[in-house]
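Me: Hi! Could you walk me through this two-chain model? I'd like to go over the sheets and the contact between the chains.

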Amino acid sequence: MAKRSKREVGVNSAPMADIAFLLLIFFLVTTTIATNKGLMLQLPPKPDPNQPPPDINKNKRNIFKVLVNSQDRLLVEEEPLNDVRKLRKMVKEFVLNFGKPDQESIQLYNTLPNSLRRLTRKDPNSSDSPGEAVVSFKTDRGTSYEMYMAVLDELQGAYYEIYGDRVGISADEFRDLDRRDPDAKRKYEEAREGIPMAISIAEPSKVGE
Amino acid sequence: MSKFKKKANTSQEIPTSSLPDIIFMLLFFFMVTTVLRENEILVKQNIPKATQLRKLEKKSLVSHLYIGKPRQPEVYGTEPKIQANDAFISTDDIVLWVNQEKDKLFEDERDQITISLKVDVETKMGIISDVQQELREANARKVLYASIRSVDTD
């Protein structure tokens, strides 16, 4: 039997932290936390070549027109608008106008909370009822994507705020409702009942590109 | 003075033996959250900011299209281009590409495919509307304009 030396045999673990640091920094630098967030939009179905395009005889008062030209200037309901953020309130007032409501939309009106009823102006030149109201958004081929997103953000924001108010939650909470959860799904459907998010994206005009 | 000279006999070093454990914990966190890029993005990507963001419910149903000016203008020119997977495609190829992406999904989920458009802010609407027309043609009608949360100003 050879005599063992009395020296310690443990591995020096001090550099382990350095190695771990090195790896940590590598992963810190390469990490891109996946962000699958954005503005959701449902495109219309493609036109059927066998059927002529449906006649659209909506009253002008039921259409809220938003135009953006190639210089990124806004034209809302035939009048220029400088501040995009004003759009949200205008859309909310337009949708909840109830100018000429039928039986169904009177019932709908009665279910609305006070915060939304306050927006109702019963203007005969604005939308008849939320079910009829359509927001038409038209751009030019030269419009910047940034402007398009800013306007779309406001338009959708107006609807989400209405939906949220209807079920007593904020717009943020409404958007985060998880539709796989039956309770949240019920809330989601209750909020959208009778007020469809009718944002129509028209094909852009061809002025500047 | 001898009063102050008395000091406790404890060691003043901080024990560093638990440091690697802490670092390892951080390391594992980043290792798990890291998604290594499968394909290199060849276009500029300065994603616009918005407030009304929605999260996607099912990640497997998403396919990405990247639109913007090429990062290497001397090779690919300065006009905005569409990138799918790892190559540029023209607008006419989008229908084909969508169908290839749909084939990767289960049959009952094919009509729920969502196209995430990652578009640079400098892009004009012309190319985007062309892409949208093609997506309608390909019957992939759910679109997500990828964007980053902006800090609310009001």
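**Sheets and the chain contact**

Reply: Happy to! One place to begin is B:H64, which stands opposite B:S116 in strand 6 of chain B. Elements here are DSSP runs numbered from the N terminus, helices being H or I with at least four residues and strands E with at least two. This is a predicted model, where local features need pLDDT of at least 70, side-chain atom pairs count only at pLDDT 80 or more, and totals for chains, interfaces and linings use all residues. Residues are numbered from 1 along each chain as its sequence is written, and chains are lettered from A and ligands numbered from 1 in the order in which they are written.

Me: Thanks! How many bridges join strand 3 of chain B to strand 6 of chain B, and in which direction do they run?
Reply: There are 6 bridges between strand 3 (residues 62-68) and strand 6 of chain B, and the two run parallel. Strands pair when DSSP finds at least two bridges between them.

Me: And what's the strand order in the open sheet of 7 strands?
Reply: The order is 2(B)-1(A)-7(B)-6(B)-3(B)-4(B)-5(B), and the pairing is mixed. Strand 2 and strand 5 of chain B are at the edges; each has a single partner strand, so one side of each has no neighbour in the sheet.

Me: Where does strand 1 of chain A join up with strand 7 of chain B?
Reply: Strand 1 (residues 37-42) of chain A pairs with strand 7 of chain B in the antiparallel sense, over 5 bridges. Helix 5 (residues 145-166) of chain A lies across strand 1 of chain A, along with strand 6 and strand 7 of chain B, at about 75° to strand 1 of chain A. For such angles, axes are lines fitted to C-alpha atoms (for helices over the stretch in contact), and values run from 0 to 180 degrees between N-to-C directions.

Me: How many residues does each chain give to the contact?
Reply: Chain B gives 45 residues and chain A gives 46; contact means C-beta atoms, placed from the backbone, within 7 Å. Helix 2 of chain B gives the most to the chain B side, with 9 residues. By class, that side has 24 nonpolar, 11 polar and 10 charged residues. Nonpolar covers Ala, Val, Leu, Ile, Met, Phe, Trp, Tyr, Cys and Pro, charged covers Asp, Glu, Lys and Arg, and the others, Gly among them, are polar.

Me: Switching topic: is B:F88 buried, exposed or in between, and why?
Reply: B:F88 is partly exposed because it has 14 C-beta neighbours inside 10 Å; buried takes 20 or more other C-beta atoms within 10 Å, exposed 12 or fewer, with C-beta atoms placed from the backbone. B:F88 sits in strand 5 (residues 87-89) of chain B. Beyond its neighbours within four places in sequence, its contacts are B:L42, B:Y76, B:K81, B:I82 and B:Q83.

Me: Nice. What about the sheet of 5 strands in chain A, which strands are at its edges?
Reply: Its order is 4-3-2-5-6, with mixed pairing, and the edge strands are strand 4 (79-81) and strand 6 (199-205) of chain A. Helix 5 of chain B packs on this sheet, touching strand 5 (134-140) and strand 6 of chain A, at about 120° to strand 6 of chain A.

Me: And how does strand 2 of chain A pair with strand 3 of chain A?
Reply: Strand 2 (residues 63-68) and strand 3 (residues 74-76) of chain A run antiparallel, joined by 3 bridges. A:V68 stands opposite A:L74, and A:V66 is opposite A:V76. Their hairpin has 5 residues between the strands, and A:D72 takes a positive phi near 65° there.

Notes:
Contact = placed C-beta atoms within 7 Å.
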